[in-house]
Amino acid sequence: MRFESIKIKNYRQYQDLIVDFNKSSENDLHILIASNGVGKTNLLNAINWCLFGDEPHLANPEESLSICNLQSLEEAKERGEANCNVSIEITASSNYKHISFIREIPVTTATNFAGIEKLKTIIIDQSGKTEIFKGNIADDIINQYLPRKIREYFFFDGEQLHNYFGAKRAGTHVKDSIHEIAQVQAMTNIKNHLNNVARDEYQKTIGKINPKIDEIANRQTDAIKRSENGQKELDQLKDSIQLSKEVITKNDENIAGTGSLVEDNKRYNDAIEELKKLKVKKEQMKAEIQKFVRKYTVLLNTYSINTATYEFIEEKRKKGVLPPDIDIKLLVQSVDDHICVVCEQDINEIVEKHICDKVNKLEVSSEVSHKLVEIKNDVYAAIEQAEHYKDEKKALISKSKEIDDKIQSIEIERDKLFVRISTCSDIKSVEKWMEEKYYNLELLEINNKKLGVIEEQIEKVKQELEAIEREMKKALSESDKCEELKVYLQFTNRAAQIVKEIEQEIMDEVRTKIEKETMELFKKLIWKTHTYSHIELDSNYRLQLFHQKTNASCLGSCSAAERSLLALAFTIALHKVSGHESLLFIDTPVARVSDVNREKFASVLIEVSKAKQIIMAFTPSEYSPEISILFDSVASSKIKLQTDEITTQKEGVQAIC
Amino acid sequence: MIQNKLILDKLEEKTKNDPDMKKFIEVLMDKETEGGQFTKSYKQLIEKATKEVGK
C-alpha cells in the first residue's frame, strides 16, 4: 500500500491542507520539511487519527487543545454555525485498487466539545466498482492493510527510535507483531482453524459413532492443551531469562568502574565498626595501665626497704639467733625436767648441754621470732611481685602498642576507602544496582533450570501427541463407518500438516533473514563498520548486537544514534523479509544522527525507496546538506510546510511544493 | 491476501504434486487475511475442495 494524498481539514494546526505523494521518479521518496511547531508530529497524529482514531504522539493528551483548529472554530462561530467539522482523508492505492479512508468529527462551536466520530472506507477497484464501508467494517478493512497493533512499524517518531528495544517491548509483543507483518500469524490461524474443524466437526461426529475414536480425540485435546500451556510457560520463561540478562548487562554497565565501590563501602563501614571496638579496648587498656602503675608505685617504692628487711631477717635466721618454731619456755622446761616435753623421753646431759647452748644463743623471744618470719614472708612476696614489674610492663606496653598500631592501620585504610567512595555521588544507587544484578543472576540460574525441565516436558507431550495421532489414524482406518467424514478429516489433517510445516519453517527463516538483513543494513548505516560482528534475535525477537572483540551483547552500550539506526535497519529488514508492501512514515528521522551517518542514512533510504514508499518529515536544520544533496536529486516530492501565522496572523499551515 | 513471498514459495514447494491442495490452502490464505468468522466457511471449503479433488 502507498499513500497517494492526505487531505486535512480543521485538524489542529491544519486548517486546510492537501499533501500529494505522487511518484514522479524511480524513488518513491517524499520529503516534508517544517520548522518546530508547524506540525510535523501532528501530521503523524493526523494519519493515526484518521486510520485508528487516536493520536499516540501527543506530548500530553490531558492538556492538549481541542482537536479542531481554533481559527476554524472561531470563524464557524462568527458565521453562526453550530459545529465545525474536522476531517482527514487518506487516499491510498494497493493492488490496482484505490482506497480512501475518511474520518470526521463535529466539534460544537459553543463549547468546543467533540461529537461522534464517523469513519468511512471507500474502495474502488480496477473496473471502477465502488464499495463504501462504514463503522466497524471500515475499521476491519484498515486493519487488513495496516494492522493497528503493528502500526509502530509503519509510522514512527525518529526521536523515539533509540527506545525501540527498551523494556516496554518486553514479552511477546514484538514476536506477535512480526508474525503479523510477515503473515506467519495468518498461517498459525489457518492451522488452528483447520485443527478445530477436524476435531470439533469431524472427529467428534465420527467419535459419536465409534467411542474408541472419541476417547482418543479427548486425549488428543488434552495433550494439545498441555502442549500449548507448556509453550506459553516456555515463552514467558525465555522472556524472563532475557530480561534478567538485560538487567545484568545494564547493571554491569552502571557499575562499570565502580565495581569495587560497594565492596569498598562495606569495608569502610566495617573499618568504622572495628575502630569503635578498638577504641573501647584502648580505654580498657588505659584502665589496666593505671591499675598497674598504682600497684607498682607501692611495690617499687618499698622495694629497697623490703629487700633490706628480708636480708636482715634472713641473716638472723642464718646466724641461728632466731628461736625455732618450738617455744623456748618448753625447751628450758625439758632441760629442767630431763624429759623432752614433746616426745616424753629422757634426755641425757649432752642433749641438755646442746639445748642450753642454743637457748643461750637466742636473741629474741619466740613471739618476736614468729612475727619476724611472718614479716619475712610478706616482704618476700612483695619483692617477688616487684621483680615482675619489667615483664609485666613489657607485656602491657606491647599489648597497648598492638592496639595503637591496629587503630592506626585501620584509620589509614578508612581514609583511603573514604577517598575512593567519595568519588561516587550515589553509593545507594550502586548498591541497588549490585543487589539487582545478584538477584537476577540467581533468578537466571533458577529459570535456566526450569527451562530445561519445561523443554523436556514439551518434548514428552510432543511425542505423546505423535503417538495419539498414529493411534487415531489406525482407529480411523479400522472404522468402516462414516467414510465421507473420514475423507474430510484426512484432507483437513493433511492441509493442517502442510500449513504447520510452512508456519514452522517460515518462523525460523523469517528470524534468520531478519537477523542477516538487519546486520547488513546496520553496517551500511553506521560509520563504525567493523565494530559489530552480528545480530541475534531470540525466539521472542529480542535483539542482541554482538561486538567484534568481546563477542558479547553490547546493545546497552550503543549510543542513542546507533540504537536509532539499528531500529531503522531492523524495521526496514522486517518490511523486506516479510514482503509487506506498506509504506514507512518517519518523523524527524535523523534527529540523533550525526553528519557521516546522515550520508549513509540517506544512501540506504534512497535504495529502499526504490521498492517502498517512504515519507519523511524533517526540520530545516535536520535536512542538512549531507542529506539534501543526496535526496533532492532523487525524491519524488519535496514539500515545505509553512505556517501563515506570520503573514496573516491566522493559524494555519500551507504546503508549498 | 498473502504478500510474503517466502510463504507462497513454501506452499508451492510443498504442494507441487497436489494442485488441489495448493488451491485450497490459497483460498484459506485469502480468507484468513480478510478477517471474519471462519469455522462455518472452513467446513464448506473443506467439503467443496474434497469433492473437487481429482475432478
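**Terms and their grounds**

Guide: In this predicted model, Leu537(A) stands opposite Leu543(A) in strand β10 of chain A.

Visitor: How do you know that β9(A) and β10(A) pair?

Guide: Two strands pair if at least two bridges are found between them. Five bridges join β9(A), residues 532-537, to β10(A), residues 543-547, and therefore they count as paired, in the antiparallel sense.

Visitor: What lies between β9(A) and β10(A) in their hairpin?

Guide: There are five residues between these strands, and Tyr541(A) in the turn has a positive phi of about 65 degrees. The hairpin of β6(A) and β7(A) also has five residues between the strands, and there Gly128(A) takes a positive phi near 95 degrees.

Visitor: How do you know that β6(A) pairs with β5(A) and with β7(A)?

Guide: The test of at least two bridges applies again. Strands β5(A), residues 97-108, and β6(A), residues 118-124, share seven bridges, and Arg103(A) has Leu119(A) as its bridge partner. Five bridges join β6(A) to β7(A), residues 130-134; here Ile123(A) is partnered by Glu131(A), and Thr121(A) stands opposite Phe133(A).

Visitor: Why are β2(A) and β7(A) called edge strands?

Guide: The open sheet has six strands in the order β2-β1-β4-β5-β6-β7 of chain A, with antiparallel pairing. Strands β2(A), residues 14-20, and β7(A) each pair on one side only, which is what makes them edge strands. From one strand to the next, the twist averages 10 degrees.

Visitor: What does helix α3(A) touch when it packs on the sheet?

Guide: Helix α3(A), residues 135-145, touches β4(A), β5(A), β6(A) and β7(A). Contact requires heavy atoms within 4.5 Å. The direction of the helix makes about 60 degrees with that of β6(A).

Visitor: What makes a group of residues a nonpolar core?

Guide: Its members are buried nonpolar residues joined through side-chain atoms within 4.5 Å, and buried means under 20% relative accessible area. The largest such core has 145 residues, and Phe3(A), Phe155(A), Leu545(A), Phe631(A) and Phe24(B) have the most contacts inside it. Helix α14(A), residues 483-525, gives the largest share, 16 residues.

Visitor: Which residues is Phe3(A) in contact with, leaving aside its neighbours within four places in sequence?

Guide: Among them are Phe21(A), Ile47(A), Leu51(A), Phe155(A) and Leu583(A). In soluble globular proteins, nonpolar side chains tend to be buried together.

Note on methods: Residues numbered from 1 in each chain as written. Chains lettered and ligands numbered in written order. Predicted model: local features only at pLDDT ≥ 70, side-chain atom pairs only at ≥ 80, totals over all residues. Heavy atoms only, no water. Helix = DSSP H or I, 4+ residues; strand = E, 2+ residues; numbered from the N terminus. Axes fitted to C-alpha atoms, helices over the stretch in contact; angles between N-to-C directions. Buried < 20%, exposed > 50% of the residue type's maximum accessible area, 1.4 Å probe, protein only.
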